[in-house]
Amino acid sequence: MPKITQLLFDCDNTLVLSEELAFEACAELSNEMLEKHSIDKRYSGPELMTNFVGQNFRGVVTGLQQKHGFKLSDSEVDEYVSRELGKVIETLEAKAEPCVGVMPVLEELDKSKKYGMAVVSSSALSRVQASVKKVGQDKFFPKDHIFSAATSLPVPTTKPDPAIYLHACKVIGKDPGECVAVEDSRSGTLSAVRAGIPTIGYVGSYGEVIKQNEMAEVLKEAGAKVMMDHWSQFMDCMAKIEAA
């Protein structure tokens, strides 16, 4: 196995507790579009998150159209995506917090300089930048090493498409096998694994132990090599991957 020299972190609910906040804003606009198309179904933030965790809002809109049998024009999709981004950034700038235990780990990694560090997210770049800045993590990541499937690619996409991980590796100048990804969702794990990147599955943001155990099985099935339920386990997880 090649020497690991680069870490690639998902953002939402991996570095920053942002998914619940973001999906509350997503639900408001999702219900608006359903009502506009005379569809009775309404989503709460948690329900929408259960169905679409790890995807950006463009992916959510695509999924809703497929699930409920309606069609938006490209311009309508772009308008909803733009409105959602504004709502989410406003909420994150006010309320976002770091995931439990992640700050000491990032401090240690930054001090050791053993690995390069980057953020690889499905979310829009401005949203990711707002999240990491709000919680004081922006100092750990070079500005040009924060990547967004919604913004950084010629054609916007979302995880589980591996395109954003492959793009990040190309920009940073690393082969996928030289990297380790950290992901909390099935779609994110699939994205990294399909790009050929060994992946740590993180379930600490799922709260209850029962849900953490359920998600651990989901992430293992998606291809995560090792699991952690708290950031204090990160160095042990890295040791396991590097020893493989």
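Leaving aside its neighbours within four places in sequence, Asn 31 is in contact with Lys 41, Arg 42 and Tyr 43, where contact means heavy atoms within 4.5 Å. Asn 31 belongs to helix 1 and is buried, with a relative accessible area of 15%; buried denotes under 20% relative accessible area, exposed over 50%, and partly exposed the range in between (1.4 Å probe, protein chains only). The model is a predicted one, in which local features need pLDDT of at least 70 and side-chain atom pairs count only at pLDDT 80 or more, whereas totals for chains, interfaces and linings use all residues. Residues are numbered from 1 along each chain as its sequence is written, and side-chain values use heavy atoms, with hydrogens and water left out.

The protein chain contains ten helices and eight strands, these being DSSP runs numbered from the N terminus (helices H or I, at least four residues; strands E, at least two). For 244 residues, a compact globule would have a radius of gyration near 18 Å, and the 17 Å of the protein chain agrees with this; the radius is taken over C-alpha atoms, and the globule rule is 2.2 Å times the number of residues to the power 0.38. Along the principal axes, the C-alpha atoms fill a box of roughly 55 × 40 × 35 Å. Of the 244 residues, 51% count as buried, and residues 24 or more positions apart account for 72% of the contacts with a separation of 6 or more.

Helix 1 (residues 19-36) packs with helix 2 (residues 45-52) at an angle of about 100°, the axes lying 8 Å apart; axes are lines fitted to C-alpha atoms, for helices over the stretch in contact, and angles run from 0 to 180 degrees between N-to-C directions. The two helices are therefore roughly perpendicular to each other, a label that covers 65 to 115 degrees, with angles under 35 counted as roughly parallel, over 145 as roughly antiparallel and the rest as oblique. Helix 1 contributes Glu 19, Glu 20, Phe 23, Glu 24, Cys 26, Ala 27 and Ser 30 to the contact, and helix 2 contributes Gly 45, Pro 46, Leu 48, Met 49 and Phe 52.

In helix 8 (residues 186-194), the buried residues are Ser 187, Gly 188, Thr 189, Leu 190, Ser 191 and Ala 192. Their cover includes helix 7 (163-172), strand 6 (179-183), strand 7 (199-202) and helix 9 (209-222). Just after helix 8, Gly 196 adopts a positive phi of about 85°.
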